[in-house]
Amino acid sequence: MKTWTYDHSFEGFLTAVFEVYEYRELQVRIRKEGIAMPELFEGLRRVITNSKKADRVYQKLKVLLGDVGMHRILYSLLSEDEECEVHILNVIREAIAHPEHKIMQNFADPSALKLSQFTQMVGREKHRMEAFVRFKLTCDEIYFAEIEPDFNVIPIIAKHFRDRYQDQKWLIFDNKRHYGIFYNLVQVETVEMKFNNQQQVGMEMLVKDEYLYQSLWRNYFSSTNIKARKNNRLHRQHVPKRYWKYLVEKSF
Amino acid sequence: MNFDRINEKLAILADAAKYDVSCSSSGSKRKNDTKGLGNATGMGICHSYTEDGRCVSLLKILLTNHCIYDCAYCVTRKSNDIKRAAFTIDEVVDLTINFYRRNYIEGLFLSSGIFKNADYTMERLVRIAKKLRLEHNFNGYIHLKSIPGASNELMKEAGLYADRLSINLELPTEEGLKLLAPEKNRADMIQPMNYVKNEIIVYKEEKKLFKSTPKFAPAGQSTQLIIGATPESDLQIIKTADTFYKEYNLKRVYYSGYIPVVANDVRLPSLETQVPVLRENRLYQADWLMRFYGFKADEILNTQNPNLDLEVDPKLGWALRNLQFFPVNIQIASIEMLLRIPGVGVKSAWKIVNARKFTQLKEEHLKKLGIAFNRAKYFMFFNNQFKFINHLNSSDLKSIIVNDTKSKFKDLYSPQLQLF
């Protein structure tokens, strides 16, 4: 079994898929660069991302698998699961060999099922981030939020926030993956910063009213609770503890 | 702004509004194509959850808790000795905008105690929505309460600025309303509801002809019923809900387990009474069966069985009463029949329909598809065999299933008083 690595990007992965067919390579495992590998380094090769190749694969797969299929492939990759490339490649191989089998609908196929599960996991995290992002207004009029999502969801939440907040500058930063997205009132751009792992915005960088609105929100949060119906288990199920750090109403 | 005063008002007026359970922020189609603030398309978002496990999606407040009515079940009733407060229009607007910009909320849920009269109150609610839309270019979600007896002109304006309108029937029957809220009557509640329903139809028709037709309450109407304040049966509740779904095209009926707020009123359960959480849960399950699973109200309950079984969910209850339809052969059964198998939800039913085209479905497939296999296995025939024929014919199938599928939440929802 040979191992090919790619640069973590969607295009990089699609390039690798192209080359699997280009070199008629049957025994290959595609994985992300820089991840420790238990096997021997035999046959290790780095795939150089090539947007032409990636685009050809993309167009072909789109015809074969449709929008739903492309959506599942993208989400599965964003899961960053070690096995995700294996399952995606299995599905792609099946789709190319037997287009009439409609592999994406075959939930009895282990890889197709796995893709649908990855999609569900990542979709859930995307939805959580759309809910749990908490902006703080900084003195330079940027609404700033930090997140540490389980999966790499920044690329798929950008549209949601761009549609919603068009008249304010905002920045959402992934502290785990050290990059973020910034909206400058015109478009969304990716920003990369290397900080230590601490929260980055100190009190002195926020506008004065920020604390007042935060305290109003905490007050609202506790006032809207019905004590007679207390159900902490359900509460923690919906808002797992790992997200509390950045939630204004849960951390103070 | 005087933040201390606002903080105090917010505590009072959020506390008073919390008994309204609706927190939905979905179903609207208001896009942000004005370069403004907010977007209310498609899916709702729960931004947080309170410690009682309920979703926090909207800033849910009363404009004021001054009220001319004295409804026995209500915490803001005139005769109750509590602190009263009122927001100004600008305060509500400012809170909404600032919470929304920080991504705390999906929008505003504005209700109010009734001061002076219906139109006077409704007019203020409408003014807030109008200000948010026109002056602040706000496209987030707005849910306004329709005040019973409000005039058609005001309801029309409300529909143009709000995404959802709702009016609470409060008690499932008119007799219950007479007993606990003698100053109110159902006709006053139905009149604005009926008006809004007709306007929604008119605007939808016009929209087909003219693309520029404005939206009118795009997320529809809803209502709320209080459960357990008066002695109605579940059958009466479900029938009321069913009627309102059909006649007024409601998007949702909410069921709110009565939380005792009054001491010494012989008409109401005592202060020590537990909130009927489990019963409420069963009613929601029944409601879902009617809306998404093709069940009719009188299939779920009938005069012989007027109350939902607290031990098993209503779908399992129906299956146990109608064993002649089982086992269902999942390889060939219609989607309607798949949906009737206890433990199979809407999504997994469609997954079965898709997956069975490719292969003979086996136990391991079904488990991975996400169905509640432990419950479903007694009711379905797969891989050309049915192992549970003896169980299906057994008189204690119900206890077998109940013991087999004990919920980890059982204690929590136990209708019995917890002593320790």
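This is a predicted model: local features need pLDDT of at least 70, side-chain atom pairs count only at pLDDT 80 or more; totals for chains, interfaces and linings use all residues.
Me: Why are α3(A) and α4(A) called oblique to each other?
Reply: Helix α3 (residues 84-97) and helix α4 (residues 110-132) of chain A pack at an angle of about 125 degrees, with 8 Å between their axes. Angles of 65 to 115 degrees count as roughly perpendicular and those over 145 as roughly antiparallel, the rest above these being oblique, and the two helices are therefore oblique to each other.

Me: Which residues make the contact of α3(A) with α4(A)?
Reply: From α3(A) come A:Cys84, A:His87, A:Ile88, A:Asn90 and A:Val91, and from α4(A) come A:Ser111, A:Ala112, A:Lys114, A:Leu115 and A:Phe118. Sorted by class, this contact has 6 nonpolar, 3 polar and 1 charged residues.

Me: What makes B:Val266 exposed?
Reply: B:Val266 has 5 other C-beta atoms within 10 Å, and a residue counts as exposed if that number is 12 or fewer; B:Val266 is therefore exposed. B:Val266 is found in the loop between β10 (252-257) and α8 (277-292) of chain B, and its C-alpha atom is separated by 55 Å from that of B:Asp33, which lies 233 residues apart from B:Val266 along the chain.

Me: What makes a set of residues the largest nonpolar core here, and which of them have the most contacts inside it?
Reply: A nonpolar core joins buried residues of the nonpolar kinds through C-beta atoms within 7 Å, and the largest such set has 160 residues, with B:Leu13, B:Leu59, B:Leu110, B:Ala129, B:Ala158 and B:Leu338 having the most contacts inside it. Helix α2 (residues 51-78) of chain A gives the most to this core, namely 8 residues. When neighbours within four places in sequence are left aside, B:Ala129 is in contact with B:Ile142, B:Leu144, B:Ala158, B:Tyr161 and B:Ala162.

Me: How many residues of each chain take part in the contact between chain A and chain B, and which element of chain A gives the most?
Reply: The contact takes 41 residues from chain A and 46 residues from chain B. On the side of chain A, the elements that give two or more residues are α4, α5 (154-164), α6 (208-223) and α7 (232-238), and α6(A) gives the most, with 9 residues. By class, that side has 19 nonpolar, 13 polar and 9 charged residues.

Notes. Residues are numbered from 1 along each chain as its sequence is written. Chains are lettered from A and ligands numbered from 1 in the order in which they are written. Axes are lines fitted to C-alpha atoms, for helices over the stretch in contact, and angles run from 0 to 180 degrees between N-to-C directions. Helices (H or I, at least four residues) and strands (E, at least two) are DSSP runs, numbered from the N terminus. Angles under 35 degrees count as roughly parallel, over 145 as roughly antiparallel, 65 to 115 as roughly perpendicular and the rest as oblique. Two residues are in contact if their C-beta atoms, placed from the backbone, lie within 7 Å. Ala, Val, Leu, Ile, Met, Phe, Trp, Tyr, Cys and Pro count as nonpolar, Asp, Glu, Lys and Arg as charged, and the others, Gly among them, as polar. A residue is buried if 20 or more other C-beta atoms lie within 10 Å of its own, exposed if 12 or fewer, and partly exposed in between; C-beta atoms are placed from the backbone.
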